[in-house]
Amino acid sequence: MTQAPIPSNIKLHKKSKTLELIYNETSFELTAEFLRVHSPSAEVRGHGIGNGTLQTGKKFVGISGVEPSGNYALKIIFDDGHDSGLYTWQYLYTLATQRDQYWDRYLKSLEDAGESRDKGLIGKF
């Protein structure tokens, strides 16, 4: 397994609720909702295979802050209070480069569970 590239720059865009990961030749913007529902935390993934918890109603979540964790990961602090789970460089790169596949699986999981991204809420203004 090759080592994932480390972003040369990371920008938090609070207004658009995105995290931009800049690599030498390209950049990726990941929404706060996408990152939140794919959190590597035990709360989201569970403590074993198949024990994860489907995240619902996260359409309007934002990112309050981002902190480095050593030389290998980021801690993302969400405005819904979630701040556990470390996003390693490998995991962030995988999320960025396979965003569409991850998103499609998430939307299918919501549909299969009869759940929604917004829980019937109107967006924050």
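Biologist: What relative accessibility does Lys17 have?
Modeller: This is a predicted model, in which local features need pLDDT of at least 70, side-chain atom pairs count only at pLDDT 80 or more, and totals for chains, interfaces and linings use all residues. Buried means under 20% relative accessible area, exposed over 50%, and partly exposed in between, with a 1.4 Å probe and protein chains only. Lys17 counts as partly exposed, because its relative accessibility is 26%.

Biologist: Where is Lys17 placed, and what is its phi?
Modeller: Residues are numbered from 1 along each chain as its sequence is written, and side-chain values use heavy atoms, with hydrogens and water left out. Lys17 is in the loop between strand E1 (9-13) and E2; strands (E, at least two residues) and helices (H or I, at least four) are DSSP runs numbered from the N terminus. E1 and E2 form a hairpin with four residues between them. Lys17 is a residue other than glycine with a positive phi, near 55 degrees.

Biologist: In what sense do E1 and E2 pair, and which residue stands opposite Leu19?
Modeller: Two strands pair if DSSP finds at least two bridges between them. E1 and E2 have five bridges and pair in the antiparallel sense. In this pairing, the residue opposite Leu19 of E2 is Leu12.

Biologist: How many residues of E2 are buried?
Modeller: In a regular strand the side chains alternate between the two faces of the sheet. In E2, Thr18, Glu20 and Ile22 point one way and Leu19 and Leu21 the other way, and all are buried. E2 is therefore largely enclosed by the rest of the structure. The buried count for this strand is five of the five residues.

Biologist: Which residues of E3 stand opposite Ile22 and Thr18?
Modeller: Strand E2 (residues 18-22) pairs with E3 in the antiparallel sense over five bridges. The two are joined by a hairpin through four residues. Opposite Ile22 is Ser27, and the bridge partner of Thr18 is Thr31.

Biologist: Which residues make up the covered face of E3?
Modeller: Strand E3 covers residues 27-31. Its uncovered face holds Ser27, Glu29 and Thr31. The covered face consists of Phe28 and Leu30.

Biologist: Where does Ser41 lie, and which residues does it contact beyond four places in sequence?
Modeller: Ser41 lies in the loop between helix H1 (32-37) and helix H2 (42-45). Ser41 is buried, because its relative accessible area is 3%. Contact means heavy atoms within 4.5 Å. Leaving aside neighbours within four places, the contacts of Ser41 are Gly46, His82, Ser84 and Gly85.

Biologist: What is the C-alpha separation of Glu67 and Gly57?
Modeller: Glu67 lies in strand E4 (residues 63-69) and counts as partly exposed at 37% relative accessibility. Not counting residues up to four places away, Glu67 touches Ala73, Leu74, Lys75 and Ile77. Gly57 is ten residues from Glu67 in sequence, and their C-alpha separation is 25 Å.

Biologist: How far apart are the C-alpha atoms of Arg117 and Val44?
Modeller: Arg117 is in the segment after helix H4 (99-113) and is partly exposed, with a relative accessible area of 28%. Leaving aside neighbours within four places, its contacts include Glu33, Thr56, Gly57 and Trp103. Arg117 and Val44 are 73 residues apart along the chain, and their C-alpha atoms are separated by 15 Å.

Biologist: In what order do the elements run from the N terminus, and what is the radius of gyration?
Modeller: The chain has four helices and six strands, in the order β-β-β-α-α-β-β-β-α-α. The globule rule gives 14 Å for 125 residues, and the chain is close to that value, so it is as compact as a globular protein of that length. The rule is 2.2 Å times the number of residues to the power 0.38, and the radius is taken over C-alpha atoms. The radius of gyration of the chain is 14 Å.

Biologist: What share of the residues in the chain is buried?
Modeller: The C-alpha trace spans about 40 × 40 × 25 Å along its principal axes. Among contacts between residues at least 6 apart in sequence, 49% join residues at least 24 apart. Of the 125 residues, the buried share is 38%.
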